[in-house]
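Me: Hi! Could you help me learn to read a protein structure, one feature at a time?
Reply: Gladly. Let's look at it together.

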Amino acid sequence: MTPNTLFPTGWQTFLAGGLLIGIGVSLLFAMTGLIGGMSTVFTSTWSFVSRAAYFRQERFVSSRRWRLVYAVGLVLGALAWLLLLGPDVDLTTTVPWWRLLIGGLLAGYGARLSNGCTSGHGICGLASLQLPSLLAVLTFVASAMVTAQLVARVVAR
């Protein structure tokens with residue numbers, strides 16, 4: 001396996017994206033003390049419209065405004081990234097829609113189950129030396145490795 005196998009379109013954009021995300025969450029934490037995980041944005045945004053007890057928890061209601069601004073900033077950052085790279089960037093995937101849907105549902109369920117998503121635990125949790133985040137990241141990585149092997153050996157044939 002070569003690096004080109006893992007990153008057939010190049011690794012530079014992934015490295016630059018990771019650095020920008022790291023800088024962004026670091027600045028958010030340094031300037032406000034807020035931890036910038038993204039999975040809670042979805043849940044806290046539901047607190048604007050849902051009366052369900054789960055979405056009305058204080059931690060979601062009290063943080064929903066800054067999380068919404070944070071999400072808008074993420075979308076604007078992605079738009080700026082696209083404008084900087086130009087229209088030649090390939091934004092399509094060959095992965096079938098049903099695999100993306102199943103993957104999204106499993107990732108969302110896992111994020112709620114572990115009280116945070118992969119990026120939240122991996123970037124924000126590890127940076128603040130939280131043991132639960134380390135355990136979550138190790139679980140995510142192990143699960144991803146097993147899933148990738150299963151998909152490559154069973155489903156892809």
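Predicted model: local features only at pLDDT ≥ 70, side-chain atom pairs only at ≥ 80, totals over all residues.

Me: Is cysteine 124 buried or exposed?
Reply: Cysteine 124 counts as buried because its relative accessibility is 11%, and the cut-off for buried is under 20%. Setting aside neighbours within four places in sequence, cysteine 124 is in contact with Val25, Ile35, Gly36, Gly37 and Ser119.

Me: How many disulfides does a search of the whole structure find?
Reply: First the idea: a disulfide is a covalent bond between the sulfur atoms of two cysteines. Here, a search of the whole structure finds zero disulfides. For cysteine 117, the nearest cysteine sulfur belongs to cysteine 124 and is 8.0 Å away, whereas a disulfide needs the sulfur atoms within 2.5 Å. Cysteine 117 also counts as buried, at 14% relative accessibility.

Me: Which residues form a nonpolar patch on the surface?
Reply: Among them are Trp97, Trp98, Leu101, Val146 and Leu150, and the whole patch has about 1100 Å² of accessible area. Both α6 (97-113) and α8 (131-155) supply at least two patch residues, and α6 gives the most, with six.

Me: Why is tryptophan 98 called partly exposed?
Reply: Tryptophan 98, in helix α6, has a relative accessible area of 38%.

Conventions
Residues numbered from 1 in each chain as written. Heavy atoms only, no water. Contact = heavy atoms within 4.5 Å. Patch = residues over 30% accessible without salt bridge, like charges linked within 9 Å, V, L, I, M, F, W, Y side chains within 5 Å. Areas by Shrake-Rupley, 256 points an atom, 1.4 Å probe, with all protein chains shown as cover. Salt bridge = Lys/Arg side-chain N within 4 Å of Asp/Glu carboxyl O. Helix = DSSP H or I, 4+ residues; strand = E, 2+ residues; numbered from the N terminus. Buried < 20%, exposed > 50% of the residue type's maximum accessible area, 1.4 Å probe, protein only.
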